[in-house]
Amino acid sequence: MRIDSVQSFLAEFEGWLEGLGIPRRRPDQVGVGDFSVAVFDDQTPEEERAAVDRGRAWEGTKYDAGWGAVDWPSRFGGRGLPSAFAAALRTAEQDWELPRRNELFAVTQHMIAPTVRDWGTDEQVERFVRGLLRTDIMACQLFSEPEAGSDLAAVRTRAVRDGRHWVLSGQKVWSSMAACAQYGEAICRSDPDAPRHTGLTAFLVPLDLPGVTIRPIRQMTGGASFNEVFLDEVRVPDTLRLGPEGGGWQVALTTLSAERSDSGSLGAGTVDKLLALARHRGLSSSALVDEIVQLWIHDRVLALNNQRTVAETQAGQAAGAQGSLGKLAATMNMRRTSDVITALLGDELIADTGEWGTFAWTEQVLGAPGYRIAGGSDEIQRTIIAERVLGMPRG
Amino acid sequence: MADLVESAEQAELRATLRRLFGGPSACLARPEPDGDSYYDEKLWGVLAGEIGLCGLSLPERYGGSGYTRADRAAALHEMGRCLLPSPFLASAVLAAETLLATGDEDLLTGILPGLAAGTTLAAVAYQETPGGDGRPVRAVRDGTGWLLTGSRSFVLDGSQADLLLVPAGTESGSALFAVDAAAARGLSRRPMRTLDPSRRQARLDFAATPGRLAGAVGAGAHAVREGLAHATIALAAEQVGGAERCLEEAVEYAGMRRQFGRPIGSFQAIKHKCADLLILVESARSAARYAASVSSGPGTDEDLYSAAALAGAYCSTAYFTVAAENIQIHGGIGFTWEHHAHLYFRRAKASEVMFGTPAEHRAVLARHLGLPAGPAPGR
């Protein structure tokens with residue numbers, strides 16, 4: 001099949017959705033249907049599992065019809081299209097009543113699948129990549145530790161070789177949705193005597209192995225999508241080592257760089273909901289109108305930035321660390337959104353009147369600070385931008 | 001989808017111009033301080049004649065070379081980087097686009113080739129003289145022609161232009177008039193002091209000055225609005241060039257200047273400021289390229305006006321922020337007359353206001369978004 005342009009590609013995709021009888025979303029329609037601007041899903045473990053199952057069923061349908069991993073080569077079930085097509089498809093999906101893709105989908109498909117592709121052995125690529133893309137296998141990160149947050153290279157979870165196995169012991173933290181994942185990409189210290197960046201090794205840890213304990217962490221939003229993951233002498237076969245022994249830092253960087261590229265679209269669609277609310281309610285002050293327009297400008301410019309990054313990467317022009325720019329710009333916009341919705345709703349943000357689509361904005365306001373920390377804090381992103389893009393001297 | 005990627009030809013044009021212009025000091029040192037002209041006429045001859053910059057995006061049938069406005073934006077980016085003093089923005093962009101928008105075939109055939117060659121300079125006198133010190137321009141019929149009376153201010157390159165385009169009220173609505181400045185009687189032109197020394201603005205007073213109708217009576221405001229939209233988009237490209245240059249200089253200085261025994265650029269306070277500035281520069285680049293792409297395409301007036309407002313609002317604010325923080329990072333040396341940081345600051349501030357303040361651009365966007373726009377804040 002020849003695809004001439006993103007437009008005709010999207011038209012075909014939307015035709016397929018229509019053929020399946022999936023209704024279009026009406027973001028301008030106020031007062032109807034589910035309303036969520038949650039940054040993190042605040043769900044009970046049962047709700048979380050059910051949401052993941054719905055998402056996986058949809059991802060499977062999409063993948064089997066050739067709409068799943070369109071920017072991957074055909075041997076992974078894709079179409080070998082430029083990443084701009086995949087990005088456009090994800091944007092278009094937001095206009096349809098489809099299962100909400102929570103964080104675990106992005107982690108599995110956009111972060112861990114490419115990491116396995118880049119670092120895995122032939123057997124690992126064969127065994128995992130299609131499954132990750134189709135979400136038959138869900139995978140989370142096992143990166144941060146209580147003493148290794150921004151300073152990720154300080155991880156202390158030990159990996160000790162024992163014949164054809166490794167024995168993993170330590171504590172991981174902030175692992176999003178680990179309870180719904182089958183595997184975790186763990187960065188562990190395999191050589192405590194080596195310089196800290198070279199003594200690390202990565203593994204794909206099956207989370208049902210003996211010695212793995214997953215405990216939810218309740219977040220300030222009220223939900224508990226993050227987890228602590230305890231590894232107590234977990235025996236992992238060497239066939240699940242990802243990348244070379246001592247190469248864990250490079251493997252982690254691959255995943256983190258994919259995370260940052262993926263995060264420019266954080267909060268996408270939220271500003272449209274705010275605009276719909278503003279139009280519906282009417283606005284009393286021109287100062288408030290101006291605040292909303294400023295927010296819309298930031299949102300629009302961020303989308304153009306992301307679009308440009310994708311197009312430039314395609315044309316072989318990309319500068320490094322674009323992902324950090326996108327992530328930082330996205331989290332700044334989440335905070336701006338919180339500020340504007342505060343001005344727009346006033347009292348209705350702090351006490352629930354029961355009116356549709358008002359108090360639910362508390363989920364956005366409470367969730368936004370989390371993304372300014374997750375995936376590398378705003379401050380870490382700024383340092384990365386200054387040192388790696390602008391070439392400023394290291395401190 | 002808008003084309004946000006720079007083409008190889010655009011990159012090549014920019015490289016050529018960067019070599020030709022040199023740095024800001026070279027650009028600003030050229031004009032004779034006491035001469036009539038504030039810009040380098042020899043360089044203008046090269047730009048307009050040899051390189052054909054003025055006619056770059058004008059239609060071939062009017063003496064242009066038929067490239068896109070996005071190509072022209074690439075050239076403006078370089079002019080903005082070095083603060084090039086030149087009549088390009090006033091004549092080759094604002095006046096040429098305003099004329100094009102009239103669709104007046106006679107005038108286009110007669111005037112545009114001169115603008116495209118850079119041998120005729122034109123200016124658009126569209127802003128009222130504030131206060132009670134001048135009346136809006138009115139036009140009355142005089143036999144087959146028209147006579148213009150009233151006052152205009154802030155006219156970019158108004159003192160020098162050979163041709164003035166003047167929107168004026170008539171009994172049947174606004175109309176655009178072309179005034180031959182050299183031959184005109186009853187025309188007085190007074191240069192205004194400007195914040196930005198690399199730009200010239202003037203007050204013009206008309207007293208029964210003969211003008212020639214351009215386009216239809218009633219269509220004057222539309223032609224000016226379209227010309228201003230293109231000028232705003234062109235200015236956005238300049239603003240990105242200037243902002244980019246300021247950030248480069250800030251980063252370079254922060255890497256060189258040592259305090260407390262280390263380069264100040266190794267302190268997080270400076271690094272994080274520069275990272276934030278890079279987001280502004282890159283975002284402004286995306287906004288400006290998007291608007292240039294829209295202005296090169298076949299879109300509607302609404303597409304053009306909203307793209308211009310988006311680029312105008314974002315790039316103006318971004319440039320001024322970067323120019324101001326550049327001075328902050330340079331410290332005391334950045335506040336001196338000798339250092340050129342203040343010239344960027346002046347240009348950024350002047351550009352922020354010219355063709356519409358950010359708040360005015362945002363008021364346009366509020367209407368575009370269907371938000372009930374009250375009076376634009378700030379004005």
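This is a predicted model: local features need pLDDT of at least 70, side-chain atom pairs count only at pLDDT 80 or more; totals for chains, interfaces and linings use all residues.
Helices H7(B) and H9(B) are roughly parallel to each other, a label that covers angles under 35 degrees, while over 145 counts as roughly antiparallel, 65 to 115 as roughly perpendicular and the rest as oblique. Their axes come within 8 Å and cross at roughly 25°. Axes here are lines fitted to C-alpha atoms, for helices over the stretch in contact, with angles running from 0 to 180 degrees between N-to-C directions. The crossing of H7(B) past H9(B) is left-handed, meaning that the near helix is turned anticlockwise from the far one by less than a right angle; clockwise would be right-handed. In the contact of H7(B) with H9(B) there are 21 nonpolar, 7 polar and 2 charged residues. For these classes, Ala, Val, Leu, Ile, Met, Phe, Trp, Tyr, Cys and Pro count as nonpolar, Asp, Glu, Lys and Arg as charged, and the others, Gly among them, as polar.

Residues are numbered from 1 along each chain as its sequence is written, and chains are lettered from A and ligands numbered from 1 in the order in which they are written. Helices (H or I, at least four residues) and strands (E, at least two) are DSSP runs, numbered from the N terminus.

Let me turn to the interface between the chains. Chain B places 37 residues in contact with 39 residues of chain A; two residues are in contact if their C-beta atoms, placed from the backbone, lie within 7 Å. On the side of chain B that touches chain A, the elements giving two or more residues are helices H7 (220–256), H8 (268–296), H9 (301–330) and H11 (358–368) of chain B. H8(B) gives the most to that side, with 13 residues. By class, this side of chain B has 24 nonpolar, 9 polar and 4 charged residues.

Within chain A, the assignment gives domain 1 (6–103 + 120–134), domain 2 (139–247) and domain 3 (266–389); such bounds come from an automatic or database domain assignment. The C-alpha centres of domains 1 and 2 of chain A lie 28 Å apart. Where they meet, 13 residues of domain 1 of chain A are in contact with 12 residues of domain 2 of chain A. H2 and helix H5 (122–134) of chain A each give two or more residues to the domain 1 side, and H2(A) gives the most, with 4 residues. That side divides into 4 nonpolar, 3 polar and 6 charged residues.

Helix H2 of chain A, residues 45–64, also holds Tyr63(A). Is Tyr63(A) buried or exposed? Tyr63(A) is buried, because 21 other C-beta atoms lie within 10 Å; the rule is 20 or more for buried, 12 or fewer for exposed, and partly exposed in between, with C-beta atoms placed from the backbone. Beyond its neighbours within four places in sequence, Tyr63(A) is in contact with Gly68(A), Ala69(A), Gly77(A), Leu133(A) and Arg134(A).

Finally, two loop residues other than glycine. Met177(A), between strands E3 (165–172) and E4 (183–189) of chain A, has a positive phi near 55°. Met177(A) counts as buried, with 26 C-beta neighbours inside 10 Å. In chain B, Asp157(B) lies in the loop between strands E4 (145–156) and E5 (163–170), and its phi is positive, near 60°. Asp157(B) is buried, with 25 other C-beta atoms within 10 Å.
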